[in-house]
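Me: Please take a close look at a single part of this model and describe what surrounds it. One connected answer will do.

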Amino acid sequence: QHGKSGHWVTRVRAAYVTTDRFKFSIGRRIWLLSALYRALGGQNLESGSKAFDDKFVQQSNHCKKYAHFIRRDNNASPKASAQDKSPLIALLDEFSSSVHVHTKKDAGWWFAPKFAENEMLLEVQTRHSRCRDVGELIRMLEIAAVALDEMVRVGSASLATATVKL
């Protein structure tokens, strides 16, 4: 079909008030692209769970904060026990399709609503598929809720309400 795209994604978005502009991105590893990215010197952080790290590319603008975010222990040691791991790891790991969760400064479109200086956007999206399963959509909402809870826990998000309307 000329001029039409068959590429579907499902997105869950939430605006939030940030305290420190902490950014992160977690997405399923695409082997060829991941190898190329690493060869070019790209960053890939670790969660402390080898199984998770083998499946997901993890990036952040603040490595130590990310370690506290993705791990539940106080010293962010890679040797953290399973119960110390963020519930985000379990949710992302069991998600059936390709999922990407990340934060960004704004919605990314020139016509999108303008964000205040202290506001950011959390986005959970599937890649290459349209979500047709209610259970999968609920899991996407859970991922967003847990990610926001973890950001509040590490002091990167506030409980204040963002003013931007999505």
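This is a predicted model: local features need pLDDT of at least 70, side-chain atom pairs count only at pLDDT 80 or more; totals for chains, interfaces and linings use all residues.

Reply:

Glycine 27 has a relative accessible area of 6%, so it counts as buried. Apart from neighbours within four places in sequence, glycine 27 is in contact with Lys55, Phe56, Val57, Val99 and His100. Its C-alpha atom is separated by 9.1 Å from that of glutamine 59, which is 32 residues away along the chain.

Strand 2, residues 24–28, also holds phenylalanine 24, while phenylalanine 69 belongs to helix 3, residues 63–70; the pair therefore ties together parts that are 45 residues apart in sequence. The ring centres of phenylalanine 24 and phenylalanine 69 are 4.6 Å apart and the planes stand at 40 degrees, so the pair is tilted. Tilted here covers the range between stacked, under 30 degrees, and edge-to-face, over 60. Phenylalanine 24 and phenylalanine 69 are both buried. The structure holds 5 aromatic pairs, and ring pairs join Phe22, Phe24, Tyr66 and Phe69 into a cluster.

Leucine 92, not counting residues up to four places away in sequence, touches Ile26, Arg28, Phe52, Phe56, Val99, Val101 and Ile143. In soluble globular proteins, nonpolar side chains tend to be buried together.

Of its 8 residues, 8 are buried, so strand 5 is largely enclosed by the rest of the structure. Both of its faces are covered: on one side Glu119, Leu121, Glu123 and Gln125 are buried, and on the other Met120, Leu122, Val124 and Thr126. Strand 1 runs antiparallel to strand 5 and is joined to it by 7 bridges, with valine 12 opposite valine 124. Strand 4 pairs with strand 5 in the antiparallel sense as well, over 6 bridges; here histidine 102 has glutamate 123 as its bridge partner.

How values were computed:
Residues are numbered from 1 along each chain as its sequence is written. Side-chain values use heavy atoms; hydrogens and water are left out. Rings of Phe, Tyr and Trp (its six-membered ring) pair if their centres lie within 6.5 Å; planes under 30 degrees apart count as stacked, over 60 as edge-to-face and the rest as tilted. Helices (H or I, at least four residues) and strands (E, at least two) are DSSP runs, numbered from the N terminus. Buried means under 20% relative accessible area, exposed over 50%, partly exposed in between (1.4 Å probe, protein chains only). Contact means heavy atoms within 4.5 Å. Two strands pair if DSSP finds at least two bridges between them.
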